[in-house]
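Trainee: I would like to learn how to read charged pairs and helices in a model. Could you take me through them slowly, with the general idea before each case?

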Amino acid sequence: MEEVDVEPTTTLIPGIDVTQKHLGFVWGPGDILVYETKYKATGAPSADQGCPSVHVVRKDEDIYSPILRKLFNESHHIFVGLQKIKDDVPSKNKKSQFVSISKHYRSVIRACMEELQQVAVSTRDAILGAQYNNQLSILLAVEIIWNLCEVLFIEAAPAGALQLHLLDWVRLHKADVDEKAQEVLQSESPTEHPAYWDVVTSYVLQGRTDEARQVLVKQASFQPAARAMFKLLDSLLMKMPIFSPGGTQTLTEFDVEWRHWREECDRCLQDNSFASNRHLEAICKILVGDEDTLLEHKDLLGTWYHFLVTRLLYSHPTVKPTELHYYAQSSMDMFLDTRSGPEPLDSILLAAFEFDIHQVIKDCSFALNNWWFVAHLTDLLDHCKLLQSHNLHFGSNLREFLLLEYASGLFSHHSLWQLAVGYFDHCPEFGRVYLELQVERVPLDSERKALKVLRICEQRQMAEQVRSICKIMAKRALRNNRLGSALSWSIRAKDAAFATLISERFLQDYCAHGTFSDLDLIDNLGSAMLLSDRLTFLGQYREFHKLYGETRFAEAATLLLSLMTAKIAPQSFWMTLLTDALPLLEQRQVIFSADQTYELMHCLEELTAGNAGPSLDQSMQDADIETTKVELLRLALARNLAQAIVKEGTVEG
């Protein structure tokens with residue numbers, strides 16, 4: 001079950017007999033869990049409860065944290081860059097790339113940890129501070145696991161170098177030693193500070209012999225009588241062999257040198273060289289890998305895996321990767337209290353030391369509160385060819401399953417949903433199907449957001465989703481009487497029926513006000529006007545007005561007549577067209593020829609004939625005005641016909 005970050009709200013459901021029915025639970029859109037609350041053992045509700053309760057709980061509140069959103073954004077860029085690494089690149093070159101990418105992921109995690117630490121300290125809200133600390137502890141565990149996986153799986157350090165990487169891992173996650181050392185060294189009398197020997201011992205436990213020697217110098221100068229003893233230990237610390245992976249020394253040569261050094265340390269103990277100083281003797285016992293002495297310093301080690309690394313450093317520094325699991329299990333058994341079982345983090349780290357990658361991923365999926373970590377780590381491991389083909393019951397592999405789950409969670413956020421698209425793009429089997437389903441759930445709050453979603457769908461040739469988005473936006477614009485926007489969306493959707501409807505609204509609006517709205521859109525319809533006959537008419541009718549405004553009367557007259565004779569214009573709009581023809585008929589020069597005038601007359605008679613009566617009645621709101629219009633048109637047409645006949649006869653003569 002996922003972590004519940006907020007107090008759930010309670011909704012009462014009336015009319016349900018809980019003694020007869022029980023509610024189930026299901027993950028819904030936006031990662032919402034609905035489930036039945038607990039009742040008495042008898043199954044009946046308590047006395048003060050009239051009906052059952054349902055809690056609504058957000059599955060993952062982390063995506064609503066501004067700081068963690070930075071983690072999601074930055075890791076998305078790293079993820080996309082990782083997908084661009086080509087398969088034909090030599091494996092040796094790819095390994096360094098993969099290690100670099102892993103370190104990049106960890107740097108983003110650490111940056112978020114530092115910011116969380118700052119806000120947790122500065123906030124005065126106790127609840128918010130607890131939330132920040134909780135997120136910080138989760139990120140700390142994530143970084144520890146990722147770093148270990150990087151060492152064991154991605155970098156795959158061999159014997160010798162492995163111990164050095166594990167030391168770096170422990171030092172990175174046990175940084176309080178330096179803070180304590182600074183406090184001791186800055187005090188008035190460092191050698192008398194209560195934490196002095198803890199600092200020296202902690203440095204030795206981490207293999208930081210140079211730092212330990214620097215602190216011991218102060219104690220040696222303070223106790224002249226014991227100077228020889230301090231000098232001996234300083235010599236042992238200075239002589240401690242450190243393997244150099246890039247050097248000329250072989251692993252066998254290093255092992256021989258290390259064994260000679262350890263024998264020297266052991267002789268010092270046998271000779272009781274440090275018997276008079278229990279602190280120096282304890283340090284020498286640590287150098288020979290005495291497990292009882294190490295366990296006496298549990299408080300300084302802090303964790304069983306720190307104990308493991310220190311134990312290996314002073315007893316088996318050339319440990320091979322295949323031997324790690326034995327030492328890890330025994331170290332955990334020795335260090336942890338047998339009465340309490342291991343924590344989830346302990347189990348995950350142990351699985352990593354056992355090189356059980358699938359168990360690490362499985363345990364992290366259960367223990368962590370979102371899919372971010374397992375999705376990105378699994379993807380990186382898969383690119384490293386470290387995951388065997390692990391198909392799930394529905395056909396997808398483990399990598400794709402985790403990426404799909406993570407991306408689906410991002411889609412519930414108002415802005416992070418755009419990141420999810422990049423993850424779906426790199427899921428070859430089910431990514432497109434998931435994207436198609438999730439895109440339909442994105443709330444289209446504004447045209448800007450709708451355009452973003454539309455661009456994503458168009459780039460991926462998701463024709464059905466493109467049409468759906470455009471239809472939704474077109475209907476919304478039409479409801480708000482934004483005809484231009486509605487027409488633009490319907491054209492984009494290639495919806496002929498809706499474009500026809502909006503064109504009708506444009507024409508009605510023109511009849512009511514005498515002007516067109518959204519002229520820029522209509523003027524630039526281009527080939528889009530061919531989507532429907534009504535849209536074609538709208539575009540051509542607007543063209544007529546432009547020609548008329550430019551005093552190109554002959555072209556305007558020809559276009560107007562063709563709209564009627566070619567049956568492009570709806571008959572209900574003929575009276576408007578004939579009325580538009582009146583100014584042309586009244587011009588001093590003859591615009592319409594005799595044949596064109598006859599056609600106009602024919603259109604007028606067809607409009608006023610009995611078979612067209614219903615259409616005429618529908619367009620005539622005032623019978624007297626319409627009758628006057630018809631009479632004026634007949635008069636103008638007759639006068640124009642006479643003038644056209646005279647003009648044409650004169651030209652022929």
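Trainee: How many salt bridges does the structure hold?

Mentor: We look for a side-chain nitrogen of Lys or Arg within 4 Å of a carboxyl oxygen of Asp or Glu, and in this predicted model the structure holds 25 salt bridges.

Trainee: Which residue meets the side chain of lysine 103 in a salt bridge, and what does the pair tie together?

Mentor: The partner is glutamate 150, with N and O at 3.2 Å. Glutamate 150 belongs to helix α3 (residues 126-154) while lysine 103 belongs to helix α2 (residues 91-122), so the contact ties together parts that lie 47 residues apart in sequence.

Trainee: Is glutamate 150 buried or exposed?

Mentor: A residue counts as buried when its relative accessible area is under 20%; glutamate 150, at 1%, is therefore buried, whereas lysine 103, with 41% relative accessibility, is partly exposed.

Trainee: What are the accessibilities in the salt bridge of aspartate 176 with lysine 174?

Mentor: In that salt bridge the closest N and O atoms are 3.8 Å apart. Here aspartate 176 is partly exposed, at a relative accessible area of 35%, and lysine 174 is buried, at 17%.

Trainee: Which residue forms a salt bridge with glutamate 291?

Mentor: Arginine 311 does, and the closest N and O atoms of the two are 3.1 Å apart. Because glutamate 291 sits in helix α11 (residues 291-296) and arginine 311 in helix α13 (residues 304-315), the pair ties together parts 20 residues apart in sequence. Glutamate 291 is partly exposed, with a relative accessible area of 30%, but arginine 311 is buried, at 6% relative accessibility.

Trainee: Which residues of α22 are buried?

Mentor: Keep the general idea in mind: an α-helix has 3.6 residues a turn, so residues three or four places apart point the same way. In α22 the buried residues are Gln465, Val466, Ile469, Cys470, Met473, Ala474, Ala477 and Leu478.

Trainee: What is the phi of asparagine 481, which follows α22?

Mentor: The phi of asparagine 481 is positive, near 60°.

Technical notes
Residues numbered from 1 in each chain as written. Predicted model: local features only at pLDDT ≥ 70, side-chain atom pairs only at ≥ 80, totals over all residues. Heavy atoms only, no water. Buried < 20%, exposed > 50% of the residue type's maximum accessible area, 1.4 Å probe, protein only. Helix = DSSP H or I, 4+ residues; strand = E, 2+ residues; numbered from the N terminus.
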